Structure formats: structure tokens, C-alpha cells
Amino acid sequence: GAQDPRQVAQNISKDAAVEYAEPKYLHYLEAIPDDPDYSTYQSAYYNRIQAPAAWDYVQGGSGSVIVAVVDGGTDIDHPDLAANIWINMDEINGNSLDDDGNGFTDDIHGWNFATNSPDPSGLASTPQSAIHGSHVAGIISAVSNNGTGVAGVSWNITLLPVNTANPEVDNSIPYGYDGILYAAYNGARIINCSWGRLGGASVYEQEVIAAVTQLGVQVVAAAGNNNRSENHYPSSYNHVFSVAATDSDDNKASFSNYGSTVDVS
């Protein structure tokens, strides 16, 4: 039968006439997506986090991991997002019934807490929230290697969008913890929260984080953009993975919060 090349080389090395022996190793090109804006806008940042090296091993292509974007609304019809949007297979679309009994009717692609409706897209009344939610979704899971737009960090995972914006006040997230619970109870394994606040801790908010953590969910949150070191929530709660911002030179971004509760920059 076939022998391990490393063992064969070791055996050959024992011959006094052989200086050394080792296998001839195969090398692989790093996986670089063909999305047109990757080289122009993204590669400098992705190279910093060694994303191309990681893509050689995992690209999220199976879609088995559900990542929720709890944010200001996501354009689920965007040509660089649509193919990755979560589909609730236990719900019948448009029959006005809560088929899966999860408390949300016709939630085929997520939920909109701003309008109490099954369309998680952003609202015209809050355009900055809508832009933010789609932008964050694109960073995480833009369809990659599809010759269109940008590449998501995780290429082709399943994206569960949840609009938790204020329907009348832009850049405001009043329903964030409702969205976290919804996402966790509907199968998300990672929940991204690119929002937060300074000030005191909330017992309710920490209990929500603890509850979803018990379900095996990882909550990821922005460290905040106040250039401050005091606690910021949800990023400073226990069990939350806190992410600070860096610039293209790999230094702390001037606006980014910092301090002992930050897990990664």
C-alpha cells in the first residue's frame, strides 16, 4: 500500500550516503476572488487579516453557518447579497400564517422590527440606517467569486438580516436586543452588532447576551467610535466579542474606542 512520504524520506535519510531526504511538497495558490472591486478597495485590508490564506481552508461555501446582521436594515435583493440571504424553510411565504410557530408571520428572510413586518430591508425614512445595514452585511457575506461587486470575508455563508432600526430617527437602534433574540432563536450561530452606546450596563441587555450564549451563539459587537476607553455596550458585556477599528496602515483608527474589553482590532 501507499506509504507516508515523510516516513519514506526518514528511512532514506538513514543511509550514510544520503545527505538528507524529504518529500517534495505541493504548494497552492492563495484563493483570490474574482470580484472586480476586491483588488481596488478590499485587498489591503483583507491581506492585513490574512484572509486569502484562510480562504485556502474555509470559504463558508456550504452555507451551513447562519450569521445574523442585527442592524439598520439590509437590501436583501442586492445583486451581491441576494444569493446568500437566509430562507426560513419552515414558513410558507405570503399565507399570513405563522407556520413555524416562532411568533413571526411570513418571516421568510428575517424580520423588520421597525415596521413589524417580514421584509428586513432598510427604510426610505432612515436612509443612513439602511445604508449601514447593507454595508455591514456586504463586509460579512457579499457573494464572493461571482464576478460582481465585492467579496465578503466569509464568502458564501447564510446571512440572516434583522432590521432593528428606529423607523423615524436615522442611525438609531432601539430594537437591537429584540433582534438578537430573534436571530438566536431562528438558528443564527454568530450575531453581528455594529452599534452600541456609552454609559451604564443594563441587567436586561446582559441577560439577553447570556441567554443566547447559552444557546451556543457568539455575539460580535463594535467597540464603538467615540475614541474613548470607558465601557461601551454591548461590546463590553460578558460573552461579547468586541472589535475595535484600525486604519489601512494597521494603526488604531482615530475614532475607535479602546481598552481592556476590546478582544481584537
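Visitor: How many salt bridges does the count come to?
Guide: This is a predicted model, and the count comes to 4 salt bridges. In general, side chains of opposite charge can pair when their charged atoms come close.

Visitor: What makes Arg197 and Glu205 a salt bridge?
Guide: The limit between a side-chain nitrogen of Arg and a carboxyl oxygen of Glu is 4 Å. The closest N and O atoms of Arg197 and Glu205 are 2.9 Å apart, so the pair meets the definition. Arg197 is partly exposed at 29% relative accessibility, whereas Glu205 is buried at 13%.

Visitor: Why is Glu205 called buried?
Guide: Buried means under 20% relative accessible area. Glu205 has 13%, and therefore counts as buried.

Visitor: What makes Glu230 and Arg228 a salt bridge?
Guide: Their side chains meet at 2.6 Å, N to O, which is within the limit of 4 Å. Glu230 is partly exposed, with a relative accessible area of 34%, and Arg228 is partly exposed, with 39%.

Visitor: How do you know that Ser256 is buried, and what does Ser256 touch?
Guide: Ser256 has a relative accessible area of 1%; since buried means under 20%, the term applies. Ser256 is found in the segment after strand 8. Not counting residues up to four places away in sequence, Ser256 touches Gly224, Asn227, Arg228, Ala244 and Ala245. Of the 265 residues of the protein, 42% count as buried.

Visitor: Which residues have the most contacts inside the largest nonpolar core?
Guide: They are Leu160, Ile180, Tyr182, Ala183 and Ile191, in a core of 28 residues. Among the elements that give two or more residues to this core are strand 1 (66-71), strand 3 (158-163) and helix 6 (203-214). Helix 5 gives the most, with 6 residues. In soluble globular proteins, nonpolar side chains tend to be buried together.

Visitor: What is Ile191 in contact with, leaving aside its neighbours within four places in sequence?
Guide: The contacts of Ile191 include Ala68, Val70, Ile180, Ala183 and Val219. A second, separate core has 10 residues, including Val69, Ile76, Val136 and Ile157.

Visitor: How do the residues lining the second largest pocket divide?
Guide: The lining has 2 nonpolar, 7 polar and 1 charged residues. Asp counts as charged, and Ile and Trp as nonpolar; Asp71, Ile173 and Trp195 are among the lining residues. The largest share of the lining, 3 residues, comes from helix 4 (residues 127-141). The pocket has a volume of about 180 Å³.

Visitor: How many helices and strands does the protein have?
Guide: The protein has 6 helices and 8 strands. Its C-alpha trace spans about 80 × 45 × 40 Å along its principal axes.

Terms used. Residues numbered from 1 in each chain as written. Predicted model: local features only at pLDDT ≥ 70, side-chain atom pairs only at ≥ 80, totals over all residues. Heavy atoms only, no water. 1 Å grid on protein atoms, 1.4 Å probe; cavity = no way out; pocket = protein on both sides within 12 Å on 5 of 7 lines; lining within 4 Å. Points joined across faces, edges and corners; volume = space filled by probe spheres on them. Helix = DSSP H or I, 4+ residues; strand = E, 2+ residues; numbered from the N terminus. Buried < 20%, exposed > 50% of the residue type's maximum accessible area, 1.4 Å probe, protein only. Core = buried A, V, L, I, M, F, W, Y, C linked by side-chain atoms within 4.5 Å. Contact = heavy atoms within 4.5 Å.
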